[in-house]
Amino acid sequence: MNPRKKRLLLIACAVALLAGALALVLAAFRDNIVFFHTPTEVAEGRAPQGRTFRIGGMVEAGSVRRDADGVTVYFAITDMAHKVPVRYQRALPDLFKEGKGAVVQGKLGEDGVFLASEVLAKHDENYMPPEAQHALDAARTLQE
Amino acid sequence: MTLELGHFALIVALLVCCVQAVLALVGAQRAHAGMMATARPASWAQFGCLVLAWCCLTWAFVQSDFSSLLVAQHSSSQTPLIYRITGVWGNHEGSLLLWSLSLSGWTVAVALFSRRLPQAFTARVLGVLGAINAGFLAFLLFTSNPFLRLLPPALEGHDLNPLLQDPGMIIHPPLLYMGYVGFSVAFAFALAALLAGRFDAAWARWSRPWTLVAWLFLTAGIAVGSGWAYYELGWGGWWFWDPVENASFMPWLLGTALLHSLAVTEKRGAFRSWTVLLAIGAFSLSLLGTFLVRSGVVTSVHAFASDPSRGLFILGLLVAVIGVSLTVFALRAGSLGGGGRFALLSRDTSLLINNVLLAVATSAVLLGTLYPLFIDALGMGKLSVGPPYFEAVFVPLIAPVMVLMVIGPFVRWKSDTARRLLRTLWLVVLGALVLAGVLAACMGMDNVSPAAFGGLLLAAWIASASAQLLWQRLRAPGRIAAGWWGMWLAHFGLAVFILGVTVVKSGGQDLDMRMRVGQQAELAGYTFVLLDEKPYRGPNYTAFTARIAVYLDDQRQHLLAELVPEKRIYHARQMPMTEAAIDIGILRDVYVSLGERLEDGEWVVSLHYRPLISWLWAGCALMGLGALVAVLDRRYRRQRSPSPQTGAAA
């Protein structure tokens with residue numbers, strides 16, 4: 001094989017590889033991006049059904065309730081305008097508290113209860129999850 | 001006084017760095033020996049200043065001087081001494097000082113161990129390092145001064161974030177920073193070579209040990225960080241594809257590519273431009289990592305409260321470094337010259353493919369990490385890219401690397417024949433299939449999903465090829481160089497690592513349940529009994545401990561271990577913390593942590609079974625050991641100045 005052909009072959013391989021990688025990335029983006037919605041958006045039915053997404057807001061004071069099994073927890077996440085009931089079936093993170101900010105990830109059930117697969121905790125007491133802050137700010141702007 | 005002294009030392013260090021950068025670089029350009037000679041003493045001077053600054057800050061922490069803003073925010077009089085000392089880098093300002101200090105340490109190391117290199121080259125390297133540190137010191141002084149006073153002084157401090165009060169966090173940041181910053185040396189070598197317009201085998205040989213050491217630190221830092229997440233976050237996860245983790249993983253991936261590319265440049269003189277680009281890329285990603293972690297732009301399980309305005313400064317620094325280095329590259333790349341020719345089937349090609357794939361995988365991780373930031377910055381909504389994306393993209397891109405990486409050492413440089421290669425490889429393939437079958441049988445065929453079998457096959461493939469390679473090398477005549485052993489260990493370590501990852505991912509089991517004292521639970525064939533609970537007081541926290549007995553059978557005949565997990569409430573921040581208890585074994589970990597205390601003697605308990613997770617750390621340790629062995633190779637110690645013929649270009 002002459003050098004010119006070889007170079008062409010190498011370039012063709014590189015292009016094919018990049019195209020493959022790009023296709024992989026795009027497919028993975030399409031299937032796996034998790035969008036974020038505020039409780040107001042969820043209440044207005046603007047959140048997707050059957051797809052994983054995130055909600056940020058405050059854990060409504062007095063809303064946390066436990067099933068008899070001790071592990072299943074119900075609470076409401078609110079942006080002070082609307083709230084979304086949430087069900088979660090694992091041990092809660094340390095910094096989960098009523099009246100504090102939280103972000104939950106999961107799917108919206110048929111009955112309007114959000115089935116959380118993850119409750120995101122932060123590492124720092126003074127740190128508000130940006131998504132939770134965003135939800136509160138958005139709701140406040142809407143009300144004003 | 002101490003604080004002011006430290007502050008002053010920091011200012012002097014900044015000035016020294018500026019002087020070092022200007023004199024050394026200008027001196028090298030004009031071949032002015034006197035100016036170049038300043039580089040070494042200046043390196044020592046900035047190192048001295050930064051050590052002094054470091055000691056001053058540490059003293060303030062040890063003394064619990066609450067007139068220091070930093071101490072008041074990140075320490076308290078109740079904090080144990082060890083965490084007062086490590087609290088110095090448990091915060092934004094202090095960790096940046098650590099960054100600067102370790103850069104200074106690397107600079108001094110270069111000044112020490114480069115006596116045999118040409119003066120102009122050393123001056124350029126030290127000049128570039130000085131310029132980088134000047135940037136960081138300016139960042140420290142202007143946006144994140146660790147020596148600010150608090151007036152009036154606080155009576156008591158806020159304590160160190162409890163998550164950081166842990167032995168893993170004592171060593172994780174310094175290791176990681178040594179790795180990040182270590183790539184600045186490879187970067188400085190590349191830039192110095194560009195400025196001098198000389199690229200030869202000698203340059204690659206000088207650069208290799210530094211890159212290896214940086215890679216070693218980064219590997220260790222990532223492994224320790226992952227181990228910390230595993231036992232400290234309380235739910236047995238060890239990697240979350242979190243932006244901050246990716247921030248350390250990307251320079252690691254590109255650094256790995258750089259190590260291999262340097263090998264080709266040294267042995268064959270090829271891939272020069274590519275090697276330089278990788279050096280620039282690896283260091284830029286280190287800076288990007290610092291930016292991501294320190295600016296607070298990412299939502300992350302690791303995101304501690306931090307200040308976005310500072311991000312702008314690091315971003316500026318990042319742009320300056322990338323911009324300047326790429327400009328120099330563009331101006332000088334023409335003078336690099338091509339390398340030796342090589343056939344399609346050659347070790348050169350296999351390393352090229354490995355490099356390209358590693359770079360593409362790095363880009364895919366980078367894309368996933370930055371995409372949410374871009375979308376948010378453009379005001380197009382908030383979203384997150386989680387582990388499913390990274391697994392879907394990263395695994396298919398990296399699997400071919402792992403298949404190819406063990407073929408490479410069998411192939412000859414420059415050119416080889418398929419027939420010769422196949423004669424060796426059929427045995428490897430056979431070995432891999434048999435080994436994978438045995439492994440799958442050990443796990444129980446029913447538990448092995450196709451993906452898991454793929455993982456087993458990969459691990460078996462690498463292990464089988466490693467065995468064959470070792471056999472061949474031992475039979476061949478000649479002394480085996482340390483560099484070869486390093487390569488072998490690191491590759492074999494990856495097999496161990498992949499096996500660990502595969503088994504823990506497919507065989508891990510978890511159970512969260514409510515347990516009353518005396519109640520029992522079962523997971524993965526083990527029986528767990530909550531024996532009792534007991535409150536106790538630590539130095540700066542109050543806690544509950546629970547004793548949980550783990551039996552090998554449900555008759556409670558054979559006791560495996562008594563685990564004592566804790567739930568702590570740290571006083572200063574009223575912050576709850578989970579301390580997991582783990583029975584560590586070669587074949588599996590049994591992991592217990594406490595959730596919420598529901599009422600007297602009743603807890604939500606998390607039970608986890610993690611098969612072969614120790615192999616994961618062992619694999620990392622082997623990779624690190626490989627790098628260490630390779631650094632000790634004799635040829636790096638015989639770093640003679642190049643002969644006049646090759647040095648003429650400088």
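In chain B, the centres of domain 1 and domain 4, taken over C-alpha atoms, are separated by 42 Å.

**Domains of chain B**

- The domain assignment divides chain B into domain 1 (1-165), domain 2 (170-415), domain 3 (416-507) and domain 4 (509-613).

**Contact between chain A and chain B**

- Between the chains, 31 residues of chain A are in contact with 38 residues of chain B.
- Several elements of chain B each supply at least two residues of the side that touches chain A, among them helix H13 (347-377), strand E1 (383-385), helix H14 (387-405) and strand E2 (509-516).
- The largest share of that side of chain B, 6 residues, comes from H14(B).
- Sorted by class, the side of chain B that touches chain A holds 24 nonpolar, 9 polar and 5 charged residues.

**Strand E2 of chain A and its partners**

- How much of strand E2 (residues 53-59) of chain A is buried? Of its 7 residues, 7 are buried, and the strand is therefore largely enclosed by the rest of the structure.
- Strand E1 (residues 33-37) of chain A pairs with E2(A) in the parallel sense over 3 bridges, and one bridge has His37(A) partnered with Ile55(A).
- Strand E6 (residues 101-108) of chain A runs antiparallel to E2(A) and is joined to it by 6 bridges, with Val103(A) as the bridge partner of Gly56(A).
- Strand E4 (residues 73-78) of chain A also pairs with E2(A) in the antiparallel sense, over 2 bridges, and here Thr78(A) stands opposite Met58(A).

**Confidence in chain A**

- The pLDDT of chain A averages 85, and 92% of the residues score at least 70.
- Among the elements of chain A, the highest mean pLDDT, 94, belongs to strand E5 (residues 83-88), whereas helix H3 (residues 130-143) has the lowest, 78.
- Where pLDDT is low, the predicted coordinates should not be read in detail.

Note on methods:
Residues are numbered from 1 along each chain as its sequence is written. Chains are lettered from A and ligands numbered from 1 in the order in which they are written. This is a predicted model: local features need pLDDT of at least 70, side-chain atom pairs count only at pLDDT 80 or more; totals for chains, interfaces and linings use all residues. A residue is buried if 20 or more other C-beta atoms lie within 10 Å of its own, exposed if 12 or fewer, and partly exposed in between; C-beta atoms are placed from the backbone. Helices (H or I, at least four residues) and strands (E, at least two) are DSSP runs, numbered from the N terminus. Two strands pair if DSSP finds at least two bridges between them. Two residues are in contact if their C-beta atoms, placed from the backbone, lie within 7 Å. Ala, Val, Leu, Ile, Met, Phe, Trp, Tyr, Cys and Pro count as nonpolar, Asp, Glu, Lys and Arg as charged, and the others, Gly among them, as polar. pLDDT is the predictor's confidence in each residue, from 0 to 100. Domain bounds come from an automatic or database domain assignment.
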